[in-house]
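Hi,

Here is the structure I promised to send over. My notes on it follow below.

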Amino acid sequence: MGFLQLPGLGKVHFHEYGAGTKPLLAFHGYGMTGRQFHVLGKSVLPHYHVYGFDHFFHGDSQLDNWTETQILAGMPKALVRNYVEEWLKVYGRQRFSVMAYSVGANMALILVEEYAELIDDIILMAPDGIAGYKGFRFLTENSIGKYLFKQVTKSKWLAPALLKSLKRIRIIDKALYKIAHSEMDTGQKRLDVYYTLNFIRLLKPDINKVAALINQYAIKCTLIFGRDDNLFPRAPAMPFINILNNAEVHEPPLGHWLVTPALDEYLVNLP
């Protein structure tokens, strides 16, 4: 474990684990921490030394003196470089790989834009950032959506009602509903959701550029989608997948809650 002081952002906390020697910078999904990938003990961790970063508003990472106005305006995309620049200062300039799940994939894809010549592998699980999710854009960019999102953070009953509706129309599955409900059952947790989604809303990778760089530098690309995932399924990502030269694509029989021991077993038993 350790901390990096990121200029313009704050103190970011990271977890270290894995039995391998290849450095792997990892970005977790909402409501988790950089320890999220420790469950991949048979498939991923034997090959990599993971540096799993806590997102801001998660774990022990702390922004430095950001006002609410700044948070709601969003983190400038250019600041993503600071993660790698500060990591390289500590560990020396070297090659590395990136891994991410769900909303964390935006960070990983932006790092490919910036550091493709240094990246060996990219592993993305149920990734945001490739096709995006219209619901997030509605909540953080549409004037009506922004108003409703703010009201949800203030209400004890609106958030549970909204989640029940999303489960009913199968936007989220039962497992994701349970997790989301537990992340919105207090005022502080609802505020953290509100801040997080607004904070990361500008982190939009240039997908065509990313695909071109993956091909140019022959970066090994592994994409994993839950077969029953209604949030970030495989189908909308196919235009991206189709322009990659040698992507390895998997679709295990899981939902959006993908980073689990079941995924570890699936990956380690691939032919």
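A residue is called buried under 20% relative accessible area, exposed over 50% and partly exposed in between, with a 1.4 Å probe and protein chains only. Helices are DSSP runs of H or I with at least four residues, strands are runs of E with at least two, and both are numbered from the N terminus.

This is a predicted model, in which local features need pLDDT of at least 70 and side-chain atom pairs count only at pLDDT 80 or more, while totals for chains, interfaces and linings use all residues. Residues are numbered from 1 along each chain as its sequence is written, and side-chain values use heavy atoms, leaving out hydrogens and water.

Helix H8 first. Its buried residues are Arg190, Asp192, Val193, Tyr194, Tyr195, Thr196, Leu197, Asn198 and Phe199. Asparagine 198 has a relative accessible area of 5%, and its side chain reaches the backbone oxygen of tyrosine 194 at 2.8 Å.

Now the rings. Rings of Phe, Tyr and Trp (its six-membered ring) pair if their centres lie within 6.5 Å; planes under 30 degrees apart count as stacked, over 60 as edge-to-face and the rest as tilted. The whole structure holds 15 aromatic pairs. In one of them, tyrosine 51 and tryptophan 87 have ring centres 5.3 Å apart and planes at 75°, so this pair is edge-to-face. It links distant parts of the chain, with tyrosine 51 in strand S4 and tryptophan 87 in helix H2, 36 residues apart. Both tyrosine 51 and tryptophan 87 are buried. Ring pairs also join these two into a cluster whose members include Phe14, Phe27 and Tyr115.

Best wishes

Terms used
Polar contact = N/O pair within 3.5 Å; in protein donor to acceptor, adjacent residues only side chain to side chain.
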